[in-house]
Amino acid sequence: MKKSALRLLPHDPAWAGHFADEKQRIIDVANDIALDIEHIGSTSIPRIYAKPILDLAVMCKECELPTLAEALNRLGYNYRGKYGEDKDHYYAVLDRDGVRYCQLHIYTQQTPDWTCKIKFRDVLRTNDELAAEYSSYKQALAKQGHTKGDYAEIKSNWLDSFIMKVLAIPTRRISKIV
């Protein structure tokens with residue numbers, strides 16, 4: 001997807017395979033540096049619309065971050081360093097032919113943000129009603145013709161209260177579903 005274009009697609013079962021391939025590419029160059037690699041974001045949740053960009057959460061030790069960044073650069077990722085205000089959250093992106101393919105959220109410890117991303121995914125994978133609510137909101141917002149940046153900003157305002165509703169639901173970890 002072009003970096004500035006906003007396009008939501010119905011869930012594509014091939015995204016799970018793309019994640020598995022990308023995870024293996026990272027494992028192959030990072031050896032034991034990446035302690036955990038999770039498929040997060042809308043492409044990880046069956047039945048919902050998503051921007052066709054893979055989101056991955058990667059856990060590594062803080063002392064291994066420079067080595068991981070170097071390995072990611074060898075894979076074609078653009079390592080961007082800190083992400084926001086969280087001191088343990090870093091970011092890298094992979095574009096192919098001018099199109100965003102993958103975004104990595106790299107953590108050096110299990111922060112509340114890491115836990116939130118995993119639980120959000122797990123709850124929406126198992127709760128059809130919440131998944132449908134989230135997907136419907138995203139589709140309605142996308143139809144308003146916003147840029148990708150505006151869409152993300154507007155969605156984040158609504159998403160804060162939605163995330164609180166999702167996080168209140170007890171769940172067991174089901175991350176083995178790809």
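**Notebook: a hairpin, its neighbours and a pocket**

I began at the hairpin of β4 and β5, which has 2 residues between its strands, and found that Asp 97 in the turn has a positive phi of about 55 degrees. I took helices (H or I, at least four residues) and strands (E, at least two) as DSSP runs, numbered from the N terminus. I noted that this is a predicted model, where local features need pLDDT of at least 70, side-chain atom pairs count only at pLDDT 80 or more, and totals for chains, interfaces and linings use all residues. Residues are numbered from 1 along each chain as its sequence is written, and side-chain values use heavy atoms, with hydrogens and water left out.

**Confidence.** I looked up pLDDT, the predictor's confidence in each residue from 0 to 100. The chain has a mean of 88, and 93% of its residues reach 70 or more.

**Strand pairing.** I counted two strands as paired if DSSP finds at least two bridges between them. β4 and β5 run antiparallel, joined by 8 bridges, and Val 93 has Gln 103 in β5 as its bridge partner. On to β3 (residues 78–82), which is also antiparallel to β4, with 4 bridges. Here I saw Tyr 79 opposite Ala 92 in β4. The hairpin of β3 and β4 has 6 residues between the strands, and Gly 84 in that hairpin takes a positive phi near 65 degrees.

**Burial.** I used buried for under 20% relative accessible area, exposed for over 50% and partly exposed in between (1.4 Å probe, protein chains only). In β4, 6 of the 8 residues are buried. Asp 97 counts as exposed because its relative accessibility is 78%.

**Another positive phi.** Most residues other than glycine have a negative phi. I found Arg 47 with a positive phi of about 80 degrees, in the loop between β1 (34–40) and β2 (54–60). Arg 47 is partly exposed, at 43% relative accessibility.

**The largest pocket.** For a pocket I took an open set of points on a 1 Å grid over the protein atoms alone, where a 1.4 Å probe fits, with protein on both sides within 12 Å along at least five of seven lines; lining residues have an atom within 4 Å of a point. Grid points are joined across faces, edges and corners, and volume is the space filled by probe spheres set on them. The largest pocket holds about 900 Å³. Its lining has 31 residues, and the closest to its centre are Asp 55, His 105, Lys 117, Lys 155 and Leu 159. I saw that α5 gives the most to this lining, with 9 residues.
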